[in-house]
Amino acid sequence: VNEKDPIMLRSCFGASATIRDICSTNNNRRTVNSQLLVDRCMEFVTAHPDCFVRCHYGPTEQRRTNDETWVFANWYEIGHWSGDSCGIMTPNPPLPMACEGQTRFKVSEDDEPKIEELVVTRTFTEWENALIAKKKCEDVNNHYIFSSNNDNELLRSMVITAEKAARAAGKVILDGQESLDSSVSEQKVNIKDIVTKYDKITQDVIEQTIRKEFPHPSFLGEENVAAGGDASTEALARALSNGSDDYVWIVDPIDGTANFASGLNLCGVTIAVVDKKTNKALIGVIYDPHREEMFVAVDGRGAYCNQKPIQSNNNASLLQDTIINAGCPADPNAFAASMRGASALNSKCRGLRVIACSALTLAWIASNRLGAHFGYDLSSWDLVAGALIIREAGGKITNINGSPYDVQTRSMLATTKSCSGGVHDEILQVLKEADAVSFERTN
């Protein structure tokens, strides 16, 4: 870097390298093309010609127990932020490069060692603080759903808050699975309906994030409601009718808790905002932290995945071409109905799945990864966000008996746009003939 020699810099790496920049604007682990890494480095040093790296003391090698070789360097930068970089204009007068930290380099064991991985822990530079400030300004003024800062300011703020809360909850989920301490702490209705300590922690994080922006919200979270379908039905009715706020936030902190507790990466966060006056969902957010996918829909404004519009149209216009997900309800009688439906559909469709995470299956229908999903005895926090995302993506959702969907619907069929005509009706008919459209809840 100090030599400002791209050929010398490129020779330190193989074809790619893994980077974790812990304190920067990208706090994640990512693998990058080495040439792009060199190009980015040269763009920086060209913009700041008097910037040099110095070491507090010389790099040291440490061999770990698994025979990996790491080199540790404790460094600081000198010079000034004297040119444009990363879209940030040059300050006047130029600011000093006040940055220091440690970089750990994992080095290959080849005859000509190459850097395979970098782990960087450091302070923020002035230009990064400027970049963060610029990004926050862009987030406020150029939201991907809303055309301007004055375009329904309340709804806009709700969407931004819901996304922020979902990401914070996703971090708790990932940390919980990584800690290997996601064991079951409580059983609800039966052995299929469980709670871990992270369900409550994650819900608290979501609620706290919401309350920072909306101090007195109507809030309906799964972990505040007693077990069982009757309790969740009553809780929704109370939430829609009580409180001074015009809106209710409906939250499932970890949809797919059983998957989460087993270490399966098949769980997600759901957040919906419902207008109490109309009982209509205005916002739906589903976040898959394992795949870093944020699904968002706003009533009348479309559906998005990671800020890109999605359309629920997978071209499976025939039942025989459709992949269908069957519900896996905790209630034994509801489960029996689901299995009757699955058995009847098995020979008529491309394939059946039982993923046991309504949040993800509904998001995947909206983004064309599944053709249909039928489920039973779902609570509002399982269904409301996903239902809006599917509708805004062009898909279709009804009660499992074919009647119109509303926020109080508990058993449903959802399909992609291409399946929303004849295939949707055909699945409903198969379920009806299989006696799989109703059940009596187990006491």
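Ser358, Ala359, Leu362, Ile365 and Ala366 in helix α9 meet Asp382, Leu383, Gly386, Ala387, Ile389 and Ile390 in helix α10, where contact means heavy atoms within 4.5 Å. By class, these residues divide into eight nonpolar, two polar and one charged. This is a predicted model, in which local features need pLDDT of at least 70, side-chain atom pairs count only at pLDDT 80 or more, and totals for chains, interfaces and linings use all residues. Residues are numbered from 1 along each chain as its sequence is written, and side-chain values use heavy atoms, leaving out hydrogens and water.

How do the two helices lie? The axes of α9 (residues 358–366) and α10 come within 9 Å and cross at roughly 5 degrees. That makes α9 roughly parallel to α10, a label for angles under 35 degrees.

Now follow α10 itself, residues 380–392. Its 13 residues reach 18 Å from first C-alpha to last, close to the 18 Å expected at 1.5 Å a residue. Of those 13 residues, 12 are buried, so α10 is largely enclosed by the rest of the structure; buried means under 20% relative accessible area with a 1.4 Å probe, protein chains only. Among the buried residues are Trp381, Asp382 and Glu392. Just after α10, Gly394 takes a positive phi of about 100 degrees.

Another pair of helices is worth a visit. The axes of α8 (residues 332–346) and α11 (residues 422–433) come within 9 Å and cross at roughly 120 degrees. Here Gly341, Ala344 and Leu345 in α8 meet Ile427, Val430 and Leu431 in α11. That contact has five nonpolar, one polar and no charged residues.

Key
Axes are lines fitted to C-alpha atoms, for helices over the stretch in contact, and angles run from 0 to 180 degrees between N-to-C directions. Helices (H or I, at least four residues) and strands (E, at least two) are DSSP runs, numbered from the N terminus. Ala, Val, Leu, Ile, Met, Phe, Trp, Tyr, Cys and Pro count as nonpolar, Asp, Glu, Lys and Arg as charged, and the others, Gly among them, as polar. The expected span of a helix is 1.5 Å times one less than its number of residues. Buried means under 20% relative accessible area, exposed over 50%, partly exposed in between (1.4 Å probe, protein chains only). Angles under 35 degrees count as roughly parallel, over 145 as roughly antiparallel, 65 to 115 as roughly perpendicular and the rest as oblique.
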